[in-house]
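Let's take a friendly walk through this model, starting with a helix, moving on to a sheet and ending with charged pairs.

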Amino acid sequence: MARQDSGIQLKTPEQIEKMRAAGLVVHAALEAMREAVAPGVSTADLDAIAEKVIRDHGAIPSFKGYHGFPASICASNNEQVVHGIPNPEQILVEGDLISLDCGAILNDWHGDSAITVGVGETDPALLRMAEVAEDAMWAGIAAAARGVANGRGRLTDISFNIEKVIRKAGRYGIVDGYGGHGIGTEMHQEPHVLNHGKPGRGPRLVPGMALAIEPMITMGSPRTLELSDGWTVVTRDGSRAAHVEHTMALLEDGVWVTTALDGGRARLGDLVTARQP
C-alpha cells in the first residue's frame with residue numbers, strides 16, 4: 001500500500017472493505033455493552049462481554065496486551081476521560097456516565113470506536129455533553145468527506161469543525177494532548193488528529209486515508225492527569241467527561257464510517273460512499 005510523504009498509510013478500496021469487517025465487530029461489541037450497562041454491573045463484566053463478542057466473530061481485541069494494557073476495552077467512568085482499566089470492584093451506580101472504548105483486529109485490519117452512555121437515570125446535562133461530543137465527531141467526519149470531494153481538504157479542517165460544534169454548544173472543556181489518529185494495519189498510525197485548531201493546515205485529505213475521530217470533552221476544565229496505574233486519564237478538577245469515536249475511511253466518492261452499522265448514512269447522507277449499501 002502507498003504512503004504519503006507524511007508517513008500516512010493509504011488504503012485501497014479493497015483494504016477499506018476489510019477494515020469495514022473489523023469495524024462491524026467493534027460495533028457489535030459496543031452494542032452488547034450498551035445493552036448491559038446498568039446499576040450493579042462492573043466494568044470487568046463489560047470487558048468480558050466485549051471480549052466474547054470480539055472472539056465469537058473470529059477477531060482479536062486490539063487493546064488487550066497493547067503496550068501492556070490488561071483488558072479488551074477501556075472503561076472510563078465519570079471523571080475518567082480515557083484509558084480506564086476495567087475492574088471487578090468498579091461497580092456502576094445510578095447516574096454514572098461511562099465511556100466504553102473498543103477495538104478489534106480481523107484479518108490484520110483494525111476497527112476502533114467508543115460510546116458514552118448514562119447509567120440508569122442520568123443528569124440530562126451529562127447526556128447533553130455526550131450528545132455534543134457525538135455531534136462534534138460527525139461534524140469532523142463530514143468536513144473530511146467534503147474536503148476529499150472538493151480536493152481542497154486539509155487535516156485540521158476536521159479539528160476546526162469539531163471545535164466549532166463544541167464551542168457553539170456551551171462552556172465545555174476540550175481535552176488537549178489526546179485525540180484521533182490514523183488506523184489500518186496498526187491501531188495507532190499517523191496522523192494525530194486534534195480536536196481543536198485552525199482550518200487549512202496539515203496533510204491533504206485524500207482517498208485511502210483512514211482515521212479514528214474521537215472528541216473528548218469535560219463539564220469543567222480541560223486539564224487532565226494520568227493516574228498511578230499508568231493508563232487512566234482523569235480530569236484535574238473532578239468534572240465529568242465524555243468520549244466518543246468512530247473509524248472512517250475516505251474514498252473517491254465519499255466517506256465510509258466503518259464502525260457505524262449504516263456506514264454513517266443517517267448522519268451524513270450523500271457524503272457516504274456509494275460502496276456502502
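Helix 1 buries a set of residues, among them Ile 16, Met 19, Val 26, Leu 30 and Met 33; buried means under 20% relative accessible area, exposed over 50% and partly exposed in between, with a 1.4 Å probe and protein chains only. Helices (H or I, at least four residues) and strands (E, at least two) are DSSP runs numbered from the N terminus.

This is a predicted model, in which local features need pLDDT of at least 70, side-chain atom pairs count only at pLDDT 80 or more, and totals for chains, interfaces and linings use all residues. Residues are numbered from 1 along each chain as its sequence is written, and side-chain values use heavy atoms, leaving out hydrogens and water.

Now to the sheet: 5 strands form an open, antiparallel arrangement in the order 10-9-11-16-17, where pairing takes at least two DSSP bridges between two strands. Strand 10 (189-193) and strand 17 (254-257) are at the edges with a single partner strand each, so one side of each lacks a neighbour in the sheet. Helix 1 packs on the sheet, touching strand 11, strand 16 (246-251) and strand 17; contact means heavy atoms within 4.5 Å.

The whole structure holds 7 salt bridges, each a side-chain nitrogen of Lys or Arg within 4 Å of a carboxyl oxygen of Asp or Glu. Here are some of them:

| Pair | N to O distance |
|---|---|
| Glu 51 and Arg 55 | 2.8 Å |
| Arg 128 and Glu 131 | 3.3 Å |
| Arg 167 and Glu 163 | 3.2 Å |

Glu 51 is buried at 16%, while Arg 55 is partly exposed at 42%. Lys 64 joins these two residues in a network of salt bridges.

Notes
Axes are lines fitted to C-alpha atoms, for helices over the stretch in contact, and angles run from 0 to 180 degrees between N-to-C directions.
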